[in-house]
Amino acid sequence: MLADFHLHTSASDGELDPAALVAAAVSRGVRALAITDHDTLAAYRWRDAAVFEEARRLGALLTVGIELDVVLGGREVHLLGLDIHLDSPSLGAHLDAVRAARQERARRELARVRELLGEGALSEEDVFVPGRDTLMRPHFIRPLVARGRFADYQSGRDWFHANIRTGIEVPKPAIGDAIGMVHAAGGEAVLAHPGYYWKDGFPILEALEALRALGLDGVELDYPYASSSPGLFVDGDAESFTGALRAAGEALSLRFTRGSDAHSTADFDRVYGPEQG
């Protein structure tokens, strides 16, 4: 079964609305998927939960998911929650706090961008788009690049990092607490794109045993780094890391998912049991 458990919609930093994303995934052969927007479950509530009806109409198995910003060893990492309940109190309270902090941070960031680049550089309508629940840096950089303020996304990102500070801290739980929230919501906790941390020099392979002890259920085995970060993996080191990750994960009885842009195969059986139907 072709599946994808790491997909984003326009509720966070994706470009398609939830129904359009499901349709696009199915058109590429995906039969099982999870929408894992950053710090929001809004895609599942969009237009009175229309995404579930679209998945049923197209014969796709849609699993409720999320991607949480969490902290491990002093750095931000991302944790996928898969097969979670939408009405979990602890997760809902956390997401409410994150949404409020991101909204206030975005207001201050917008004011700073306009101060430095001019009032006409960016408008509230560019950033505060209806249906966009998680406000993120791409929502500033993409329109600035489109208007020629920066040559490319990387240039805009570098400028943003160097110049935009607001003092607003978005809540990020320790990874153990986040795993607990996912479990309390009835879900499986999966470490997202570990290759990013490895390339930064973070000893993620060595951390897996401790994470398993905290309740981590799985790791994301594959992710299309080249599409968003050219040159991130070179000279075969992707294969080397993936092999080491699989060996370490299997030794700890961790399960695997494979995330992609709706083109890669998922190790579905290891996450949800044998395929049915």
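Predicted model: local features only at pLDDT ≥ 70, side-chain atom pairs only at ≥ 80, totals over all residues.
User: Let's start with the overall picture. How many helices and strands are there, and how much is buried?

Analyst: The protein has 13 helices and 7 strands. Of its 277 residues, buried ones make up 49%. As for contacts with a separation of 6 or more, 74% join residues 24 or more positions apart.

User: Which residues make the contact between α6 and α7?

Analyst: From α6 you have Pro 138, Phe 140, Ile 141, Arg 142 and Val 145, and they meet Tyr 153, Gly 156, Arg 157 and Phe 160 of α7. Sorted by class, that contact has 6 nonpolar, 1 polar and 2 charged residues.

User: Which residues of α6 are buried, and what do they pack against?

Analyst: Pro 138, His 139, Phe 140, Ile 141, Pro 143 and Leu 144 are buried in α6. The buried residues of this helix pack against α4 (89–117), α5 (124–127) and α7. After α6 comes Gly 148, with a positive phi near 80°.

User: What makes α1 and α3 roughly parallel?

Analyst: The axes of α1 (residues 18–27) and α3 (residues 50–58) cross at roughly 20° and come within 8 Å. Angles under 35 degrees count as roughly parallel, so α1 gets that label relative to α3. The crossing of α1 with α3 is right-handed.

User: Which residues of α1 and α3 meet?

Analyst: Pro 18, Ala 19, Val 22, Ala 23 and Val 26 of α1 meet Val 51, Glu 54, Ala 55 and Leu 58 of α3. By class, the contact has 8 nonpolar residues, no polar ones and 1 charged.

User: How do you know that Thr 36 is buried?

Analyst: Its relative accessible area is 0%, and buried means under 20%, so Thr 36 is buried. Thr 36 sits in the loop between β2 (32–35) and α2 (42–45). Leaving out residues up to four places away in sequence, Thr 36 touches Phe 5, His 6, Leu 7, His 8, Gly 65, Ile 66, Glu 67, Leu 80 and Leu 82.

User: Why does Leu 86 count as partly exposed?

Analyst: Leu 86 comes in at 26% relative accessibility. Buried would need under 20% and exposed over 50%, so Leu 86 counts as partly exposed. You'll find Leu 86 in the loop between β4 (75–82) and α4. Residues up to four places away aside, Leu 86 touches Leu 41, Tyr 44, Arg 45, Phe 52 and Val 64. Leu 86 and Val 64 are 22 residues apart along the chain, and their C-alpha atoms are separated by 7.6 Å.

User: Are His 193 and Ser 253 buried or exposed?

Analyst: His 193 has a relative accessible area of 6%; the cut-off for buried is under 20%, so His 193 is buried. Ser 253 has 52%; exposed means over 50%, so Ser 253 is exposed.

User: Which residues touch the most other members in the largest nonpolar core?

Analyst: Leu 79, Ile 175, Leu 191, Ile 204 and Leu 216 do, in a core of 47 residues. Strand β3 (residues 61–72) gives the most to this core, with 6 residues. Beyond its neighbours within four places in sequence, Leu 216 is in contact with Leu 79, Ile 179, Ala 189, Val 190, Leu 191, Leu 211 and Leu 254. Another core lies apart from it, with 14 residues, among them Leu 122, Ile 141, Leu 144 and Trp 159.

Note on methods. Residues numbered from 1 in each chain as written. Heavy atoms only, no water. Contact = heavy atoms within 4.5 Å. Helix = DSSP H or I, 4+ residues; strand = E, 2+ residues; numbered from the N terminus. Nonpolar A, V, L, I, M, F, W, Y, C, P; charged D, E, K, R; others polar. Core = buried A, V, L, I, M, F, W, Y, C linked by side-chain atoms within 4.5 Å. Buried < 20%, exposed > 50% of the residue type's maximum accessible area, 1.4 Å probe, protein only. Axes fitted to C-alpha atoms, helices over the stretch in contact; angles between N-to-C directions. Parallel < 35°, antiparallel > 145°, perpendicular 65-115°, else oblique. Left-handed = near helix turned anticlockwise from the far one by under 90°.
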